[in-house]
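Hi,

Here is the structure I promised to pass on. Have a look first, and my notes follow below.

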Amino acid sequence: MIKRFEIKSHDGPGRVGKVDGTLTPKIFFKDELKIAPNQGSAHNIDHEIAEFNVKETLRLAQENVDDCDIAVIQGSKYIDLRIECLKKLEEIGYNGFIIANGDALLTNSRELVDIIISLKKEAKKTSYFIFPFAELSFMPILTYMGIDGFLADSANYYSYLNVLQTPTKSYDLNNYPIYDNISQEDLEKKNLKNMEFVIKEIHAHMKNRSLRNLVEERSGTTPQNITTLKILDKNYMDYLLEYTQIF
C-alpha cells in the first residue's frame with residue numbers, strides 16, 4: 001500500500017516531488033489517505049506518557065501496515081521520541097508521515113523548527129511529510145523547511161473556529177465581520193480555495209527558484225512567522241544552504 005515518492009528538484013530544502021505521479025507540495029484529502037491508527041497525545045505532557053503513546057502508535061502501525069500508507073509521528077514535545085517514532089515507522093515500511101500536534105507547534109516557533117528539521121535530517125530521502133492544521137501564511141516557510149504537503153482538514157478546522165484563512169492573515173470573523181452571516185460550510189469552501197491558491201503560489205515560486213523570497217514576504221505577516229524564520233536562519237543555516245543554488 002506504500003505510495004512511491006520521487007524528488008524532482010529542490011529550492012533550498014523545499015522539494016518538488018511526486019507521490020504516485022501527483023505533484024508535491026500538495027493538499028492531501030483524508031479520504032485519499034489510509035492513515036494507520038495511532039495513539040494521540042497532547043503536545044505538552046510528561047516524557048513517560050509521551051513514550052507510552054509512541055510505543056502504542058508503533059504497535060498499531062505494525063498491525064495495520066498492510067492496509068495503510070500513512071503513519072503519524074507522535075512524541076509530543078520530545079525530539080528524541082519523535083525521531084525514534086520516525087525511524088521505527090520507516091523500519092516497519094512507511095514512507096508517508098503526518099506530524100502530530102501541528103496546531104500546538106504553530107504556537108511555539110522554536111519547537112516547530114527544531115522538530116521539523118530534526119525529523120528531516122534523520123528521515124530517508126524517499127519519505128515525505130504532511131503537516132496538519134497549517135495556517136496559510138505558514139505554508140511557504142513549512143515548505144521551505146521540507147514539508148511536502150498539507151491536510152485539507154485545516155480548511156474545515158478553521159471554519160469551525162469561524163476563522164477566515166487568507167494567504168497573509170487569519171481573520172476571526174467574530175471580530176472582523178468581513179462576511180455577514182456566512183455559513184460554516186461556505187467558510188470552509190473559501191478556506192480551501194485560498195489554500196489551493198497558496199499551493200499554486202508556492203509551486204510558481206519554486207519553479208522560479210524564488211521560494212525564499214516568498215518566505216521573507218510572508219514573514220512580516222505575523223509575529224510567529226518572523227520568529228520562525230529568525231530561528232531557522234540562526235540555528236540551521238547549514239541545513240538551508242545544503243540545497244540552495246549558488247548563482
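Which residue stands opposite Ile73 in strand 6? The one facing Ile73 there is Ile99.

Before the rest, some housekeeping: this is a predicted model, with local features needing pLDDT of at least 70 and side-chain atom pairs counting only at pLDDT 80 or more, while totals for chains, interfaces and linings use all residues. Residues are numbered from 1 along each chain as its sequence is written, and side-chain values use heavy atoms, leaving out hydrogens and water.

Back to the strands (DSSP E runs of at least two residues, numbered from the N terminus, as are helices, which are H or I runs of at least four). Strand 5 (residues 71–73) runs parallel to strand 6, and three bridges join them; pairing takes at least two DSSP bridges. Strand 6 (residues 96–99) is covered on both faces, with Gly96 and Ile98 buried on one side and Phe97 and Ile99 on the other. Buried means under 20% relative accessible area, exposed over 50% and partly exposed in between, with a 1.4 Å probe and protein chains only.

Now the helices. Helix 4 (residues 109–122) packs on helix 9 (residues 223–235) at about 45°, axes 9 Å apart. Contact (heavy atoms within 4.5 Å) involves, among others, Leu112 and Ile117 of helix 4 and Ile231 and Leu232 of helix 9.

Lastly, Asp186 sits in helix 7 (residues 184–207) and, at 38% relative accessibility, counts as partly exposed. Its C-alpha is 8.5 Å from that of Ser159, 27 residues away along the chain.

Cheers

Conventions. Axes fitted to C-alpha atoms, helices over the stretch in contact; angles between N-to-C directions.
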